[in-house]
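Here's a quick briefing on the pockets and the ligand site. Have a look at the structure first, then read on.

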Amino acid sequence: MVLVVVSSPKGGVGKTTLVANLAVALRRRGRQVTAVDFDSQNALRFLLAPNHEDDLGVARCTARGLPWSAALVGGIDGVRVAPYGEASTAERLRMKDMLVQEALSEALSGLARSPDEIVIADTTPGEGRMQERLEALADIKLIVLLADAGSMALVPTYRDGLMLRPLSERPDTFGVLNQVDPRRRLSRDIADFISVNAPERFIGVVHYDEALAEAAARGEPVVGAAPGSVAALDIDMIAGRLDRLTAPGSY
Ligand SMILES: Nc1ncnc2c1ncn2[C@@H]1O[C@H](COP(=O)(O)OP(=O)(O)O)[C@@H](O)[C@H]1O
Ligand SMILES: [Mg+2]
């Protein structure tokens, strides 16, 4: 299993959108992919398995002592999805408490069919304990940031300094700059600054693209719904880099 964890210091920046779209783009490149939702909003399944109605997800599985494979559903383009699922407050709290490091590692490895399978995790924003444990297990961490002043202000401090620490100390952490809009000066300047000053820190840029939001509103990932759109091409480029970084034998 190659574990890719997608997180962000702020909510609403495009994590779920990216997880769903990267999962599909990686499938289209021939990789086995399982996407896991760690966010109790349970939104990932709307994009990857829109017709699924079962209430059993990873939270309820954890609370009942079931393996997470019991929550797996078949999604778009052969992506497998382990939704967060419906969960009572008590079940959500048990999920947080029960998943100590080893149990979490075991639950995740139980999802993969082969050592090369990519397990991609969607998370909640912030610095919770579950987040810390997930990141400790991650092979690759993607941090989603918006090309705005608020996100950029967090760059030096978030996760021990995505940009400030020498690359050799954090070879597995990459930023993704989302919703870049070349018509807006600040957005353009931030994208330019990063491409000049920290290209190796960022795995890619995703432009602001209505096609992405429209596809999401229909419950589809944009790489399938509008394959020629700017966002679909951006996401496919990131998927290509992830595919190479996690090529069989790398982990
Ligand atoms: N590059 C983009 N262009 C246009 N809309 C986007 C883009 N990325 C995300 N969105 C929209 O932003 C909203 C929040 O995205 P979401 O993936 O739910 O964020 P998060 O999971 O970080 O809370 C969604 O409506 C999504 O469709
Ligand atoms: Mg989300």
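By class, nine nonpolar, ten polar and three charged residues line the largest pocket; Ala, Val, Leu, Ile, Met, Phe, Trp, Tyr, Cys and Pro count as nonpolar, Asp, Glu, Lys and Arg as charged, and the others, Gly among them, as polar. Keep in mind that this is a predicted model, where local features need pLDDT of at least 70, side-chain atom pairs count only at pLDDT 80 or more, and totals for chains, interfaces and linings use all residues. Residues are numbered from 1 along each chain as its sequence is written, chains are lettered from A and ligands numbered from 1 in the order in which they are written, and side-chain values use heavy atoms, with hydrogens and water left out.

**The largest pocket**

- The largest pocket holds about 370 Å³ of space. A pocket here is an open set of points on a 1 Å grid over the protein atoms alone, where a 1.4 Å probe fits, with protein on both sides within 12 Å along at least five of seven lines; lining residues have an atom within 4 Å of a point.
- Its lining has 22 residues, and Gly12, Val13, Gly14, Lys15 and Thr17 are the closest to the centre.
- Helix H1 (15–28), strand S7 (173–180), strand S8 (202–207) and helix H9 (210–217) each give two or more residues to that lining. H1 has the largest share, with four residues. Helices (H or I, at least four residues) and strands (E, at least two) are DSSP runs, numbered from the N terminus.

**Ligand 1**

- Ligand 1 takes up the space of the largest pocket, going by the rule that more than half of a molecule's atoms lie within 2 Å of the grid points.
- Around ligand 1 there are 15 residues, with Gly12, Gly14, Lys15, Thr16 and Thr17 coming nearest; the cut-off is a heavy atom within 4 Å.
- A backbone N or O atom of Gly14 is 2.9 Å from an oxygen atom of ligand 1.
- For nitrogen atoms of ligand 1, there is a polar backbone atom of Asp209 at 3.0 Å and a side-chain N or O atom of Gln179 at 3.5 Å.

**The second largest pocket**

- This one has a volume of about 300 Å³, and of its 18 lining residues, Phe38, Tyr84, Lys96, Thr124 and Met130 are the closest to its centre.
- Helix H4 (89–98) and helix H6 (129–137) each supply at least two lining residues.

Definitions and conventions: Grid points are joined across faces, edges and corners, and a volume is the space filled by probe spheres set on the points. A polar contact is a pair of N or O atoms within 3.5 Å; within protein, one must be able to donate a hydrogen and the other to accept it, and residues adjacent in sequence count only if both atoms are side-chain atoms.
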